[in-house]
Amino acid sequence: MNETRRVLIAADKFKGSLTAVQVAEWVTAGLRRVVPDLAVEALPVADGGDGTVDAAVAAGFERREIRVAGPLGQEVTAAFALRGDTAVVEMAEASGLQRLPAGVFAALTASTYGSGELLRAALDAGARTIVFGVGGSATTDGGAGMLSALGARFLDEEGEPVPPGGGGLAGLARADLSGLDPRLASVELVLASDVDNPLTGPKGAPAVYGPQKGASPDDVDTLDAALAHFAKVLEAEAGPRAAEYAAAPGAGAAGGIGYGALLLGARFRPGIEVMLDVLGFAPALERASLVITGEGSLDEQTLHGKAPAGVAAAARAAATPVVAVCGRLALSQEALLGAGIERAYPLTSVEPDVATCIADAGPILERVAVRIAEDRLG
């Protein structure tokens with residue numbers, strides 16, 4: 001058996017076209033068209049954003065479903081993953097953009113309450129370690145909704161709860177964290193994100209990510225001021241650490257839910273690093289002589305903490321060659337090599353029409369995988 005006869009497929013989803021599991025299936029099919037007896041191991045990966053629970057389930061975690069509040073307060077069915085006393089909770093399952101009706105945005109009013117309900121469900125299931133993957137949010141509420149679901153109270157001048165969403169925090173007069181679920185004190189909470197923005201300011205959650213959630217320039221200003229006020233009120237309740245957390249890397253993740261998680265004692269780690277640990281990537285890498293990673297678009301963002309960059313970095317440390325598949329390639333060969341990826345194979349290399357690539361991503365990816373097998377395994 002030559003040195004490239006055991007392949008590890010560790011790719012993220014092609015957003016809008018294929019799940020990470022489907023990417024692995026189509027790549028496997030293409031490889032085996034050339035080498036029918038090829039040993040292939042599939043380890044779908046995610047960086048903490050949407051698809052994180054699915055990746056954990058594919059790696060052997062149990063899927064648990066519960067009814068929680070969506071970003072607009074409507075009930076939705078959301079899932080988390082559990083193996084032993086480790087839970088993987090994905091905030092996008094409850095509070096993600098995909099939970100909004102098509103074409104509807106609610107930049108000022110969308111709430112993370114359902115994400116807090118998911119965390120509470122993980123506690124109820126006996127989790128002692130919770131990996132909290134954040135990204136893809138519809139919300140910019142600083143995690144206030146999440147904290148409320150876990151027992152915190154955010155009150156206006158009349159002692160009434162402030163309205164949901166980041167906009168409502170402008171009327172916050174007092175924060176009471178005394179009712180937070182006591183189990184949180186004895187749980188290891190890991191904030192898994194590929195975003196290291198602070199809570200507010202030019203690089204904060206409203207300014208950088210608000211427009212993606214439908215925020216107008218005025219909404220961005222409103223949200224930035226409301227979140228700054230939120231942190232100031234929390235400083236009166238929780239002390240100087242509340243101000244320190246607001247400036248900390250990751251506080252601005254997923255509309256500021258990172259800030260709420262830090263207040264709960266979470267430890268911030270790059271999402272792909274956490275997920276590779278949780279999914280058992282290291283032992284899988286030891287068994288592999290070629291790694292295939294990828295995601296829908298390989299671009300500048302990929303280099304800043306996205307799944308393929310994390311996979312490639314780990315593989316390079318083990319001196320295992322890496323190639324990548326993608327729908328769209330927007331990186332130079334030099335940038336790819338700098339990230340530890342020897343070559344990328346975009347769908348457009350076999351089908352120039354982008355619309356066709358999106359519509360028929362699976363069969364086209366299989367053809368791309370045939371090319372990889374011919375180049376690397378022939």
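Please keep in mind that the model is predicted.

I begin with the sheet. Six strands form an open sheet in the order β3-β4-β5-β6-β9-β10, and the pairing is mixed. At the edges are β3, residues 62-69, and β10, residues 267-270, each of which pairs on one side only. On average, neighbouring strands are turned by 30° against each other, direction ignored. Strand β9, residues 188-193, pairs with β10 in the parallel sense over four bridges, and S193 stands opposite P270 in β10.

Two helices deserve mention here. Helix α4, residues 113-124, lies across β3, β4, β5, β6 and β9 and runs at about 140° to β3. Helix α10, residues 271-279, lies across β4, β5, β6, β9 and β10, at about 90° to β10.

I turn now to the salt bridges, of which the whole structure contains 23. K13 forms one with D50, where the closest N and O atoms are 3.9 Å apart. This pair links the loop between β1 and α1 to the loop between β2 and α2, 37 residues apart. Are K13 and D50 buried or exposed? Both are buried.

In a second case, R287 and E41 meet at 2.6 Å, N to O. Here helix α11 is linked to strand β2, across 246 residues. R287 counts as partly exposed because its relative accessibility is 42%, whereas E41, at 18%, counts as buried.

E342 lies in the loop between α13 and β13, and R376 in helix α15.

Finally, salt bridges with shared partners join D12, K13, K15 and D50 into one network.

Definitions and conventions
Residues are numbered from 1 along each chain as its sequence is written. This is a predicted model: local features need pLDDT of at least 70, side-chain atom pairs count only at pLDDT 80 or more; totals for chains, interfaces and linings use all residues. Side-chain values use heavy atoms; hydrogens and water are left out. Two strands pair if DSSP finds at least two bridges between them. Axes are lines fitted to C-alpha atoms, for helices over the stretch in contact, and angles run from 0 to 180 degrees between N-to-C directions. Contact means heavy atoms within 4.5 Å. A salt bridge is a side-chain nitrogen of Lys or Arg within 4 Å of a carboxyl oxygen of Asp or Glu. Buried means under 20% relative accessible area, exposed over 50%, partly exposed in between (1.4 Å probe, protein chains only).
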